[in-house]
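Biologist: I would like to learn how to read a structure like this one, feature by feature. Could you show it to me and begin with the terms?

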Amino acid sequence: MKILHTADWHLGKRLDSFSRMDEQLLVMEEIIQLADQQEVDLVLIAGDLFDTFNPGVEAIELFYKTIKRLAKNGTRPVIAIAGNHDSPNLIDAPDPLARASGIILIGHPNAVVTPFTAEGFSVLKSDNGFIELNLEGYNYPIRILHTAYANEIRLKQYLGEDKEVQLNKALADNWQKLAETYCDEKGVNILTAHLYMNKIGSPLIDEPDGEKPIKIGNADLIYSESIPAQIQYTALGHIHGFKNIGSPEKPVVYASSPLCYSFAEAGQTKYVSIVNAVPGANVTFERIALLQGKPLVRKSFDDIDQCITWLSEHPETLVELTLKSETFLKAEDRKLIYQTHPGIVYLIPVVQHDKQNPLDAKEINLTQDISALFQDYFKSKNANQAPNDDILNLFREILNS
C-alpha cells in the first residue's frame, strides 16, 4: 500500500504584500501529478490546509479542486485534518458532500467519521479519533488514528480527561487505547496529527517563523515516545521543514510545507513523503522534492552597482535585501532598486558606523562652516552616521530659502 503524506499547505498565505496564489496553484498541480505518477493508494494532509480561519474565495476554491482531483472521483481516499491555522467548523462543514467524492475532512480532535462506501474504498469501522478503511485491491485494512489540532484545554475537553492531567499523558493514553482495540498486525496502522511533537531529550525544533506558535512553554509539547508501538508511520503537520523525529523503522515525519513561507525558510527544499506499508512489517518511505515556487533569498550588499547587477540576473526570486552604506540610502537608489526587481519583499538599509566610537566625547568647533556644524550635529543624533547628499542638499536649500 502506497501513501502520500503532505501538510501545511497554508492556502491563501501572503508574504508581506506579495500573494503566493500563483505559486500555490502550481505546487498543488505538482502534488496531484506526483500522486498519479507514484500511483498512491491514499493521501494524508496533516493540517494547516488554509492560512487563516476565514480564507478567501480563491484559497477555498483551490483547496476543493485539489482534493477532488487527488481523490480521483472517489477511487482514492483523501484524508485531511485541521491544523492550528484552520477553522474546525469550516473544515467539517462540507464533509457529507466531500465523502461522496472519497474525501474525509476532520476538523475536530476525537471526531467520529460516519461509515460510508465510495467507489474505490469503504470506511467500515469508526471510533473517536479512529477510522478503518478497506481499499479495493487489498485484502487487508488500513487503520488511522487521527488528531486534528486543538489547544490544550480543548483537547482535554475532547479527551474527557481531568484538566490537571498532562496533555501528553492524555493523548498517549487515548492513542494507546485505540491501538490496543483496533491495531493488530493484520492491517496497516498509521497515526496522523497536527501537533508540536518532539523526541524526549532532543533539542527543541524551531516552530515556523511568523506562524502561530502551538508550543507555549512545555504545556503543548507532545513526545514521540507517546506513539503506540503498533503504529508503523506517523504523519505530522506544523513544522515547515522535512524532518523524521522517529527512527528509520518507525518514522515520525513532518512532511514540510509545499512552499517556503518565510525568509527563515530561505533555501529549504520542500517535499512530500511517499510511504510504502504492509501489515506486520517496517514501512519504507521516500521524500520527493517539490520543484515549484519562487526561491526566497536573503542578500546583503555594500555596493549599489553589484546589487543592481544581481537583482537583474535573478528576476524570479522573492528577496529580503540588506543594503549597507556609509550614509543613508538615497531616494534615487531606492527607486532604481525597486524598478530593477519586482520581487523585493523587504529592503533593509543599514548605515555602517565608521571606526570612531560614536560614544567618544568630541569638542564641537563652533567657528566652522554651518554645513559642517550640521553634519556634526546629524552624526551626534544618528549614532555617528553621516547625512547623505540628499539630506545635505535639503539643508542647504533651507538655508537659502
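Modeller: Helices (H or I, at least four residues) and strands (E, at least two) are DSSP runs, numbered from the N terminus. This is a predicted model, in which local features need pLDDT of at least 70 and side-chain atom pairs count only at pLDDT 80 or more, whereas totals for chains, interfaces and linings use all residues. Residues are numbered from 1 along each chain as its sequence is written, and side-chain values use heavy atoms, with hydrogens and water left out.

Biologist: How many helices and strands are there in the protein, and what percentage of its residues count as buried?

Modeller: The protein has 10 helices and 21 strands. Buried means under 20% relative accessible area, exposed over 50% and partly exposed in between, with a 1.4 Å probe and protein chains only; by that rule 51% of the 401 residues count as buried. Contact means heavy atoms within 4.5 Å, and among contacts between residues at least 6 apart in sequence, 67% join residues at least 24 apart.

Biologist: How is the packing of two helices read, and at what angle do H1 and H2 pack?

Modeller: Two packed helices are described by the angle between their axes and the distance between the axes. The axes are lines fitted to C-alpha atoms, for helices over the stretch in contact, and angles run from 0 to 180 degrees between N-to-C directions. H1 and H2 pack at an angle of about 10 degrees, with their axes 10 Å apart. Angles under 35 degrees count as roughly parallel, over 145 as roughly antiparallel, 65 to 115 as roughly perpendicular and the rest as oblique, and H1 and H2 are therefore roughly parallel to each other. Among the residues that make the contact are Met21, Leu25, Met28 and Ile32 of H1, together with Ala59, Leu62, Thr66 and Leu70 of H2.

Biologist: Which residues have the most contacts inside the largest nonpolar core?

Modeller: In soluble globular proteins, nonpolar side chains tend to be buried together. A nonpolar core is a set of buried Ala, Val, Leu, Ile, Met, Phe, Trp, Tyr and Cys residues joined through side-chain atoms within 4.5 Å. The largest one here has 65 residues, and those with the most contacts inside it are Trp9, Ile79, Ile104, Leu133, Ile142 and Ile144. H1 gives the most to this core, with seven residues. A second, separate core of 24 residues includes Leu145, Trp175, Ile231 and Ile239.

Biologist: How are aromatic pairs read, and why is the pair of phenylalanine 63 and tyrosine 64 tilted?

Modeller: Rings of Phe, Tyr and Trp (its six-membered ring) pair if their centres lie within 6.5 Å; planes under 30 degrees apart count as stacked, over 60 as edge-to-face and the rest as tilted. A search of the whole structure finds 11 aromatic pairs. The rings of phenylalanine 63 and tyrosine 64 have centres 5.6 Å apart and planes at 50 degrees, so the pair is tilted. Phenylalanine 63 is buried, at 1% relative accessibility, whereas tyrosine 64 is partly exposed at 33%. Ring pairs link Trp9, Phe50, Phe63 and Tyr64 into a cluster.

Biologist: Turning to the loops, where is glycine 74 found, and is aspartate 48 buried or exposed?

Modeller: Glycine 74 is found in the loop between H2 and strand E5 (78-81), and it is buried, with a relative accessible area of 1%. Glycine 74 and glutamate 119 are 45 residues apart in sequence and 5.3 Å apart in space, C-alpha to C-alpha. Aspartate 48, in the loop between strand E4 (42-46) and H2, counts as buried at 1% relative accessibility, and has a positive phi of about 55 degrees although it is not a glycine. Serine 256, in the loop between E16 and E17, has a positive phi of about 90 degrees, again without being a glycine, and counts as buried at 0% relative accessibility.
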